[in-house]
Amino acid sequence: MTNGLMIDLHSHSNISDGLLSPTELVAHAAQHGVSVLALTDHDDISGLPEAKQAASLHGIQLIHGVEISVTWKKRTLHIVGLNVDVENEVLKTGLAAVRQGRLERAKQMAAGLEKSGIHGSFEWASAKAGQSILTRMHFARFLVEHQYAKDTKSVFKKFLVKGKPGFVDHQWMDLESAVSLIVNSGGEAVLAHPGRYDIRRTNMLLLLEEFRGLGGTAIEVVTGSHTGAQYVEYAKYAQLFGLKASQGSDYHGKGISFMEMGRLPALPSGCIPVWQDWPHVQLPSDQYQ
Ligand code: AMP
Ligand code: MN
Ligand code: MN
Ligand code: MN
């Protein structure tokens with residue numbers, strides 16, 4: 001809670017790999033006490049108009065967001081864009097290219113699973129995704145449904161990761177392009193869940209330096225993907241680099257989420273919230289008295 005506002009700046013609908021439609025997601029957020037919500041689907045902003053409409057019905061302030069997949073030094077990183085312009089043509093075209101790459105990767109993932117004797121994953125994942133993008137989460141759900149793993153979390157230990165069946169070493173967008181797309185469409189670029197990457201301190205310092213140099217302004221400090229110790233660790237990194245701090249549940253839906261909505265603890269003291277200068281999350285001044 002911040003000044004009575006529950007702020008959640010990272011969530012997914014079924015436009016990407018979440019289970020709820022944008023409308024259902026916003027309703028879920030409202031039920032869980034969230035008052036400022038960013039919808040940040042992977043590589044896709046097409047759920048935002050629907051979410052915006054639902055948000056106005058529920059009295060939620062919707063932040064237009066996106067989570068872009070990036071390859072940096074052979075690793076996959078996620079860059080969240082907050083307050084992006086959904087009408088920006090360059091952003092739309094850039095995201096369309098990433099989605100095309102996803103489709104190719106999905107075919108390769110299915111071929112890899114086939115080699116391990118696991119059949120029909122592409123057809124199942126495509127049917128579940130419908131018009132939406134294909135993610136590893138769709139394949140994870142296939143593997144759980146067909147009893148190759150007990151839950152999606154264990155899928156990401158046995159499948160779809162480096163050295164395991166279904167892994168594809170995919171080339172995503174480069175960091176510079178992703179940050180530019182976000183910043184040039186009026187948004188703020190936020191390094192998502194830095195604690196989830198297999199990056200040691202030296203490379204983390206390099207990454208943050210480069211990210212800031214390219215125009216990135218914040219990192220996620222409190223996220224469903226971080227432990228309590230990581231909240232403190234990444235608050236220190238943010239301070240070291242003069243970056244602002246973001247927070248978000250990364251909610252995907254019941255049973256496949258890192259964290260339920262409405263449960264985010266406050267940012268550690270000393271953090272500058274990414275929303276500090278956003279007009280939409282300022283309380284009327286009399287509420288501070
Ligand atoms: P993709 O962007 O298609 O590679 O899919 C990555 C998605 O899979 C992430 O956004 C998460 O939703 C999910 N995911 C990745 N790693 C894990 C994990 N260890 N546990 C649970 N979900 C994961
Ligand atoms: Mn996801
Ligand atoms: Mn992510
Ligand atoms: Mn996410």
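These questions and answers cover manganese sites in a predicted model. Local features need pLDDT of at least 70, side-chain atom pairs count only at pLDDT 80 or more, and totals for chains, interfaces and linings use all residues. Residues are numbered from 1 along each chain, chains are lettered from A and ligands numbered from 1 as written, and side-chain values use heavy atoms, without hydrogens or water.

Visitor: Which residues coordinate the manganese ion (ligand 4)?
Guide: Donors are N, O and S atoms within 2.8 Å of the metal (3.2 Å for Na, K and Ca); water is not among the atoms, so sites may look incomplete. Here the distances run from 2.1 to 2.3 Å. The donors are spaced H-x1-H-x54-E-x182-D in sequence. They are His10, His12, Glu67 and Asp250.

Visitor: Is His10 buried or exposed?
Guide: Buried means under 20% relative accessible area, exposed over 50%, partly exposed in between (1.4 Å probe, protein chains only). The relative accessible area of His10 is 0%. So His10 is buried.

Visitor: How many residues apart in sequence are the parts tied together by His78 and His193?
Guide: His78 lies in strand S4 (residues 75-82), and His193 in the loop between strand S6 (188-191) and helix H8 (201-213). Helices (H or I, at least four residues) and strands (E, at least two) are DSSP runs, numbered from the N terminus. The parts are 115 residues apart.
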